[in-house]
Amino acid sequence: MSTTVDLVLALKNELKSARMTYADLARSLDMAESSVKRMLAKSDMPLSRVDAICRALKIDFAELARRVADAQPLLKELTQEQEKAVVKDKKLLLVAISVLSQWTLEQIVAAYRISEAECIGCLAQLDRIGIIELRPLNRYRLKLAKTFRWRPHGPVMEFFRENVVLDYYRGGFDGPAEGLLLVHGSISRSLAPAFLERLQRVAQDFAQQHQTDQKLSAKDREGYTLLLGMRNWEFELFTRLRRA
């Protein structure tokens, strides 16, 4: 939730953008300039005062609140409890994955056997969990950073390991723009982080392109799942054959 401190910081930014001085604001509020400075410095004022400042700035309070929400830090990772809540209900997990792909309510309901009421309920749950900010007309804003990832050993990844990985790799990877590469080798320990960084950049490029292509029509887009991984690992069968 946004605090009064966040609102006051947003108001200060609006004052700066409007090139309105504290003296100008004081005249609009019929207050002493020193009182206005003290009020903004303490970041402590009733909502009625915030509303009065909005009127002086000629901005809507709802718009100010939206800007405050947009300025909140984005999540790079959920907590263990948040992930448990997501994976507990499979329809909720479906909607969570869908909003990560920026699907609208209408697209989700059209594609899956989930009613509009159920989908709205799931969106409300995701809002409470903190993944999205639900807005009027069932639109939403993702509260996740571009670098967001599920917890490596968290509930969601455990669910995918148990239920999804084999299904994913069962494919032939021989369709248009599909491929599966398995590369093994021994490299310098000092260089390994650089390769991981490249993989992370590829993932970020994919995510950014996904965002950019949302303006295209549905017929011009296709759903792909990019799975990248790198770890110090040996197949267990081979490990059992190693000499003591």
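This is a predicted model: local features need pLDDT of at least 70, side-chain atom pairs count only at pLDDT 80 or more; totals for chains, interfaces and linings use all residues.
User: Where in the chain does Gly223 lie, and why is Gly223 called exposed?

Analyst: Gly223 is located in the loop between α12 (192-212) and α13 (236-240). Helices here are DSSP runs of H or I with at least four residues, and strands are runs of E with at least two, numbered from the N terminus. A residue is buried under 20% relative accessible area, exposed over 50% and partly exposed in between, using a 1.4 Å probe and protein chains only. The relative accessible area of Gly223 is 66%, so Gly223 is exposed.

User: What makes Ala177 exposed?

Analyst: Ala177 has a relative accessible area of 69%, and therefore counts as exposed. Its place is in the loop between α11 (165-169) and α12. The C-alpha atoms of Ala177 and Tyr224 are 9.1 Å apart, although 47 residues separate the two along the chain.

User: Why is α6 called oblique to α10?

Analyst: Helix α6 (residues 80-88) and helix α10 (residues 155-163) pack at about 45 degrees, with axes 8 Å apart. Axes are lines fitted to C-alpha atoms, for helices over the stretch in contact, and angles run from 0 to 180 degrees between N-to-C directions. Angles under 35 degrees count as roughly parallel, over 145 as roughly antiparallel, 65 to 115 as roughly perpendicular and the rest as oblique. The angle therefore makes α6 oblique to α10.

User: Which residues make that contact, and how do they divide by class?

Analyst: Contact means heavy atoms within 4.5 Å. Gln80, Glu83, Lys84 and Val87 of α6 take part, together with Pro155, Val156 and Phe159 of α10. Ala, Val, Leu, Ile, Met, Phe, Trp, Tyr, Cys and Pro count as nonpolar, Asp, Glu, Lys and Arg as charged, and the others, Gly among them, as polar. The contact of α6 with α10 has four nonpolar, one polar and two charged residues.

User: What makes α6 roughly perpendicular to α7?

Analyst: The axes of these two helices come within 5 Å and cross at roughly 110 degrees, which makes α6 roughly perpendicular to α7. Ala85, Val86, Val87 and Lys88 in α6 meet Lys90, Leu92, Leu93 and Ala96 in α7. This contact has six nonpolar, no polar and two charged residues.

User: How many aromatic pairs are found, and why is the pair of Phe159 and Phe160 called edge-to-face?

Analyst: The whole structure has eight aromatic pairs. Rings of Phe, Tyr and Trp (its six-membered ring) pair if their centres lie within 6.5 Å; planes under 30 degrees apart count as stacked, over 60 as edge-to-face and the rest as tilted. The ring centres of Phe159 and Phe160 are 5.8 Å apart and the planes stand at 85 degrees, so this pair is edge-to-face. Tyr168 and Phe173 also form an edge-to-face pair, at 5.4 Å centre to centre and 75 degrees between the planes. Ring pairs link Tyr168, Tyr169 and Phe173 into a cluster.

User: How do you know whether Phe160, Tyr168 and Phe173 are buried or exposed?

Analyst: Phe160, at 24% relative accessibility, counts as partly exposed. Tyr168 is partly exposed too, at 25%. Phe173 has a relative accessible area of 15% and is therefore buried.

User: What makes Glu14 buried, and which residues does Glu14 touch?

Analyst: Glu14 is in helix α1 (residues 4-17), and its relative accessibility of 15% makes it buried. Leaving aside residues up to four places away in sequence, Glu14 touches Leu57, Ile59, Leu64 and Arg67.

User: Where is Lys58, and why is Lys58 called exposed?

Analyst: Lys58 lies in the loop between α4 (47-57) and α5 (61-70). Its relative accessible area of 76% is why Lys58 is exposed. Phi of Lys58 is near 60 degrees, a positive value in a residue other than glycine. In α4, by contrast, Val50, Ala52, Ile53, Cys54, Ala56 and Leu57 are buried.

Technical notes:
Residues are numbered from 1 along each chain as its sequence is written. Side-chain values use heavy atoms; hydrogens and water are left out.
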